[in-house]
Amino acid sequence: MRIIVCAKQVPDTSEVRIDPVKKTIIRDGVPSILNPDDANALEEALKIKDNNPDVTVSVVTMGPPQAKDMLIECLAMGADEGVLISDRAVGGSDTWATSNVLSATIAKMGPFDMIFAGRQAIDGDTAQVGPQIAEKLDLPQVTYVTEFEIAKNLKDIKVKRQLEDGYEEIEIQTPCMLTAIKELNSPRYMSIGGIVDACGADADIKVWNAKDIEVDLTTVGLEASPTNVYRSFTPAPKGKGMMIEADGEKEQAKVLLTNLKAKHVI
Amino acid sequence: MAIKVLKDLCRGCKMCIKACPFQAIDMDGKIAVINEKCTACGACISACPFKAIEKTVDEDVVDLSAYKHIWVYAEQRHGELMGVARELLGEGHRLSREISDDTQVCAVLVGNKIDHLAKECYEYGADKVYLLEDEKLENFTTDGYTKVIVDAINEYKPEIVIYGATHIGRDLAPRVAARLNTGLTADCTKLDVKVSSYIDYCNKNTTLDTSSLDANDPDTGLKQTRPAFGGNLMATIICPKTRPQMSTVRPGVMSKRERNPQATGELVKVDVKVADSDIRTKIINIVKEAKERVSLTDAEIICSGGRGLGAPEGFELIKKFADKVDGVVGSSRACVDNGWIDHSHQVGQTGTTVKPRIYFACGISGAIQHLAGMQSSDIIVAINKDPDAPIFSVADYGIVGDLYKVIPQIIEEWDNAEALFEASQK
């Protein structure tokens with residue numbers, strides 16, 4: 001059985017701050033990380049591999065050359081193979097174009113049984129690429145997976161899918177696409193041996209360009225993307241608020257409530 | 001569309017590099033060069049003091065006039081309309097009237113035996129209801145719903161389709177968009193069609209320089225504004241070349257119309273074709289969890305706790321506070337990650353977006369993701385020990401102090417607010 005995991009290297013958006021004067025993003029020192037939901041996707045694939053030695057796990061990603069570091073991390077966690085698509089021709093792709101690139105890559109990688117992806121990446125938060133890859137590859141999908149169980153035949157799968165007010169239990173067969181959320185599991189750490197192997201000369205990490213994956217170049221990149229950025233801006237801060245300075249907590253509470261009442265909000 | 005540096009004007013000042021959110025600009029000697037990370041967001045254009053960066057737009061015009069009217073995916077579960085469907089009907093109604101007098105807003109109802117919901121759709125603003133009913137559509141399945149909605153879109157050709165960004169809408173919409181080969185913008189918080197309305201919005205709420213926009217521009221393409229980059233950046237996305245234009249919209253951000261019990265509309269029963277073999281997943285069970293129902297989206301008052309609580313027990317005080325003020329308990333991501341409280345309470349970029357009348361942020365420092373999810377609250381009250389906490393920059397009222405001392409006093413004085421106010425007027 002071969003499992004493909006879709007992953008993305010993302011800036012750790014929780015470390016990002018806005019420069020209060022220039023209103024621009026301060027990105028100095030913001031680390032690049034394996035997208036959190038994707039780590040859950042990889043962990044679930046590795047758990048299947050733990051129980052079934054014949055299973056192989058391949059990680060695929062699209063990004064700049066340095067996304068290779070993230071693939072090394074995935075291999076150090078236990079993945080067997082990593083594939084990076086890096087090409088200026090695919091830069092600026094929206095989700096539709098990105099799914100064209102990744103589905104072409106997966107098709108090029110050869111037969112597989114299952115694709116695991118994170119629900120969404122923390123830099124874009126769209127949750128669109130997983131379902132759109134599934135559509136291009138004509139696979140059934142379940143998103144927001146919180147529990148996963150696979151039968152001994154490695155074909156019949158039972159999952160729980162999170163809803164806002166509960167969950168669904170769903171049966172699905174391979175081949176299929178599942179997208180993981182953090183409730184699914186706790187991703188393992190890299191192992192020392194894994195790190196050594198992943199950094200070694202025998203580590204199976206491939207870097208491909210658009211030509212390698214034989215993708216139709218009119219369906220990828222900025223030009224081909226159906227959506228474009230019209231304008232972008234930083235959100236305007238609100239007017240300055242009022243700091244309540246009063247003698248003691250009781251007085252503070254009183255001043256606050258007086259003000260809230262004056263504003264007709266309570 | 002692409003970003004171009006005009007080499008003869010570039011002075012190598014690197015202002016664009018600082019402004020770029022995507023590290024998409026490098027220096028080649030003394031000239032800025034756009035690299036493959038560019039998303040054509042345009043942040044660099046206004047940052048350039050020498051007008052050396054411009055956006056090139058392809059002019060090839062595709063005939064999109066065959067597409068007309070706005071569709072709202074009126075999500076229902078178990079025969080009940082979701083709240084976000086009502087909000088989107090209100091928003092769709094507003095947008096349709098801005099496009100033209102003869103543009104309609106149409107609700108798309110998918111399910112089994114749900115014709116009773118049509119009236120509710122009219123009452124919240126729908127001119128027309130497309131009813132897609134079949135036994136196999138009783139519950140949501142990606143395969144079944146995608147097929148019948150794609151068939152209907154191909155037949156009736158709507159100009160715009162909007163979905164609630166629910167766990168179901170976010171599963172369905174990308175699949176529909178990929179099958180139709182059209183664009184989809186996720187989790188929008190603002191939609192506009194008229195350029196003049198967009199300019200008004202930007203002038204009131206953003207730092208965007210709107211001088212390059214023309215209020216008389218006849219363009220009525222959908223301008224879809226959403227937070228990006230963890231809420232640090234707002235981006236307005238357009239879908240100029242393909243139809244329909246599609247968005248998912250965050251629940252709780254659009255306003256529903258006042259219900260009009262007299263409203264009627266036109267019902268179109270769509271002939272759906274869906275076979276058992278089309279649906280490749282099998283739903284065994286749908287479980288509503290017995291856990292405490294928190295509806296942060298609908299809450300008028302939210303009392304949120306953050307890392308400053310210090311311990312999971314801190315939520316007992318927050319709960320007491322919420323009970324007193326008839327509010328709902330919210331949380332920052334840190335507390336959820338620490339396992340202090342269930343994810344369903346999380347406010348912020350990866351949790352729920354809220355806009356209550358009053359938001360009490362207790363011991364919340366105000367990470368940008370959190371701010372993205374609550375800063376459109378009418379009134380924000382922040383209580384925090386650290387006077388430099390970023391939460392105070394968005395707060396209408398700030399109290400620097402120990403929340404364990406301040407909150408009990410607010411609870412105690414809450415019922416006296418009227419008297420306190422009257423006393424202050426004398």
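This is a predicted model: local features need pLDDT of at least 70, side-chain atom pairs count only at pLDDT 80 or more; totals for chains, interfaces and linings use all residues.
Local features need pLDDT of at least 70 and side-chain atom pairs count only at pLDDT 80 or more, whereas totals for chains, interfaces and linings use all residues. Residues are numbered from 1 along each chain as its sequence is written, chains are lettered from A and ligands numbered from 1 in the order in which they are written, and side-chain values use heavy atoms, with hydrogens and water left out.

**View 1. The seven-stranded open sheet of chain B.** Seven strands of chain B form an open sheet in the order E11-E15-E10-E5-E8-E9-E16, with parallel pairing. Strands (E, at least two residues) and helices (H or I, at least four) are DSSP runs, numbered from the N terminus, and two strands pair if DSSP finds at least two bridges between them. Strand E11 (184-188) and strand E16 (266-269) of chain B each have a single partner strand, so one side of each of these edge strands has no neighbour in the sheet. From one strand to the next, the twist averages 20°; such angles run from 0 to 180 degrees between N-to-C directions, the axes being lines fitted to C-alpha atoms, for helices over the stretch in contact. E11(B) runs parallel to strand E15 (residues 245-249) of chain B and is joined to E15(B) by three bridges. Within this pairing, Cys188(B) has Val249(B) in E15(B) as its bridge partner.

View 2. Helix H3 (residues 83-99) of chain B lies across strands E5 (70-73), E8 (105-111), E10 (160-164) and E15 of chain B, contact meaning heavy atoms within 4.5 Å. H3(B) runs at about 175° to E5(B).

View 3. An open sheet of four strands, with antiparallel pairing, has the order E14(A)-E14(B)-E13(B)-E12(B). Across the two chains, strand E14 (residues 228-233) of chain A and strand E14 (residues 233-238) of chain B run antiparallel and are joined by five bridges; Phe233(A) stands opposite Met234(B) in E14(B). E12(B) pairs with strand E13 (residues 223-228) of chain B over three bridges, in the antiparallel sense, and the bridge partner of Asp192(B) in E13(B) is Lys223(B). Helix H7 (residues 195-205) of chain B lies across E14 of chain A together with E12, E13 and E14 of chain B, at about 30° to E14(A).

**View 4. The interface of chains A and B.** The contact takes 86 residues from chain A and 116 residues from chain B. About 9,400 Å² is buried between the two chains, and carbon and sulfur atoms give 56% of that area; buried area is the accessible area (1.4 Å probe) that two parts lose on being put together, summed over both. Nine salt bridges are counted between chain A and chain B, each a side-chain nitrogen of Lys or Arg within 4 Å of a carboxyl oxygen of Asp or Glu. In one of them, Asp171(B) pairs with Arg161(A), the closest N and O atoms being 3.5 Å apart. On the side of chain A that touches chain B, helix H7 (residues 248-262) of chain A gives the largest share, twelve residues.

**View 5. A salt bridge within chain A.** Over all chains, the structure holds 44 salt bridges. Glu147(A) forms a salt bridge with Lys160(A), with 3.2 Å between the closest N and O atoms. Glu147(A) lies in strand E9 (residues 141-150) and Lys160(A) in strand E10 (residues 156-163) of chain A, so the pair ties together parts 13 residues apart in sequence.

View 6. Most residues other than glycine have a negative phi, and most peptide bonds are trans. A cis peptide bond joins Thr174(A) and Pro175(A), with omega about -5°; Pro175(A) is in the loop between strand E11 (166-173) and strand E12 (176-180) of chain A. Arg243(B) and Pro244(B) are likewise joined by a cis peptide bond, with omega about -5°, and Pro244(B) is in the loop between E14 and E15 of chain B. His69(B), in the loop between strand E4 (53-56) and E5 of chain B, has a positive phi, near 85°.
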